[in-house]
Amino acid sequence: MSPHGSMIAPAKVNLALHVVGRRADGFHLLDTLVAFTGDGDLLEVEDGAEDDFFVSGHYAAHVPIGSGNLVTRARDLLRETFGGNARAPVRLHLEKNLPVASGVGGGSADAAAALRLLARHWDLAINETDLIRLGLRLGADVPMCLASKPLIARGIGEALETLPAFPALPLVLVNPNIPLSTPEVFSALERRDNAPLPALEDLPDAATAVRWLDGARNDLEMPARRLVPQIEDGLGALRRAGALTARMSGSGATCFGIFSSADAAARARRALACEHPEWFVLETETLAAEQPDADHAHP
């Protein structure tokens, strides 16, 4: 059992998100194509004399501490389930690099990283199916964040279909640094029985992926734009900076632009950061499906 470890909690990008229905319990049914970036928050664990959780990073002040925090809830859920080694106290450090309530799965990705990292740290005997089942208890997006590879999620987000092939996409993410409540966005949605994602075809490169994505949409974008009009500014700025396509991710307000190359994304990031110093601007790349199933961990 390693006494210390760390793991990136990658940003989740909903490349397309269709709201296709609603269950009797109020949960919305989705069809969403999701990819994960090579960048995100960072979670570290080490043995401690007693439990400790502290947060650093640009967005640390916005992270809830206590029962509302998904990292400590993941720790407590593993303890409740396994006991034994999981009772050993740990010091957890979250470096919060992504904006909160921003549509890129920050809290869910942090929870997924906590489950994986602590299961390894405590040497718990848990298979992937049971890990996903535990993750779903923490939130509908946690199972897809546990996968952290290109996939289509259906249902409330728990029915996952990983993609055998999907290209790495050079991206720039922008956010006006305005948090946006997911329930508020869903409440503002006018229609909940939209058409599902178009049939997925082979997408060998970014240009083909962009053509397919242009036939899809994010059904939450319009209600989110009514709540935060600056989303339109982000989309327009990405297009002016040369994005092949631009869309909002998840329930917003983060928007992504897909670029023809890493160099084009780097140029756009520099221009956008200069033009909008008050925004969150990140140049990154999605993880390709053909990469081995790494968990972004290092001892």
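**View 1. Strand 3 (residues 52-56) beside strand 4 in the predicted model.** Strand 3 and strand 4 pair in the parallel sense, over five bridges. Two strands are taken to pair if DSSP finds at least two bridges between them. Helices (H or I, at least four residues) and strands (E, at least two) are DSSP runs, numbered from the N terminus. Opposite Val55 stands Leu94 of strand 4. Together with helix 1, strand 3 and strand 4 make a left-handed β-α-β unit. A crossover is called right-handed if, with the strands pointing away from the viewer, the path from the first strand over the helix to the second runs clockwise. The model is predicted: local features need pLDDT of at least 70, side-chain atom pairs count only at pLDDT 80 or more, and totals for chains, interfaces and linings use all residues. Residues are numbered from 1 along each chain as its sequence is written, and side-chain values use heavy atoms, with hydrogens and water left out.

**View 2. Strand 2 (residues 28-47) and strand 4 (residues 90-95).** Six bridges join strand 2 to strand 4 in the antiparallel sense. Glu44 has His93 of strand 4 as its bridge partner.

**View 3. Helix 1 (residues 70-82) against helix 3 (residues 128-138).** The two helices pack at an angle of about 130 degrees, with their axes 10 Å apart. That makes helix 1 oblique to helix 3; angles under 35 degrees count as roughly parallel, over 145 as roughly antiparallel, 65 to 115 as roughly perpendicular and the rest as oblique. Axes are lines fitted to C-alpha atoms, for helices over the stretch in contact, and angles run from 0 to 180 degrees between N-to-C directions. Helix 1 passes helix 3 in a right-handed crossing, meaning that the near helix is turned clockwise from the far one by less than a right angle (anticlockwise for left-handed). Leu70, Arg73, Ala74, Leu77, Leu78, Glu80, Thr81 and Phe82 of helix 1 make the contact (heavy atoms within 4.5 Å) with Leu134, Arg137 and Leu138 of helix 3. By class, this contact of helix 1 with helix 3 has seven nonpolar, one polar and three charged residues. Ala, Val, Leu, Ile, Met, Phe, Trp, Tyr, Cys and Pro count as nonpolar, Asp, Glu, Lys and Arg as charged, and the others, Gly among them, as polar.

**View 4. Helix 2 (residues 106-121) crossing helix 3.** The axes come within 10 Å and cross at roughly 140 degrees, and helix 2 and helix 3 are therefore oblique to each other. The crossing of helix 2 over helix 3 is right-handed. Ala111, Leu115 and Arg116 of helix 2 meet Glu128, Leu131, Gly135 and Leu138 of helix 3. Four nonpolar, one polar and two charged residues make up the contact of helix 2 with helix 3.

**View 5. The hairpin of strand 5 (residues 151-155) and strand 6 (residues 159-162).** Strand 5 and strand 6 run antiparallel and are joined by four bridges. Ile152 has Glu161 in strand 6 as its bridge partner. Three residues lie between the strands, and Gly157 in the turn has a positive phi of about 120 degrees.

**View 6. An open sheet of four strands, in the order 8-9-7-10.** The pairing is antiparallel. Strand 8 (245-248) and strand 10 (280-285) stand at the edges with a single partner strand each, so one side of each is left without a neighbour in the sheet. From one strand to the next, the twist averages 20 degrees. Strand 7 (residues 170-175) and strand 9 (residues 255-258) pair over four bridges, with Val174 opposite Cys255 in strand 9. Helix 8 (residues 230-240) packs on the sheet and touches strand 7, strand 8 and strand 9; the direction of helix 8 makes about 160 degrees with that of strand 8.
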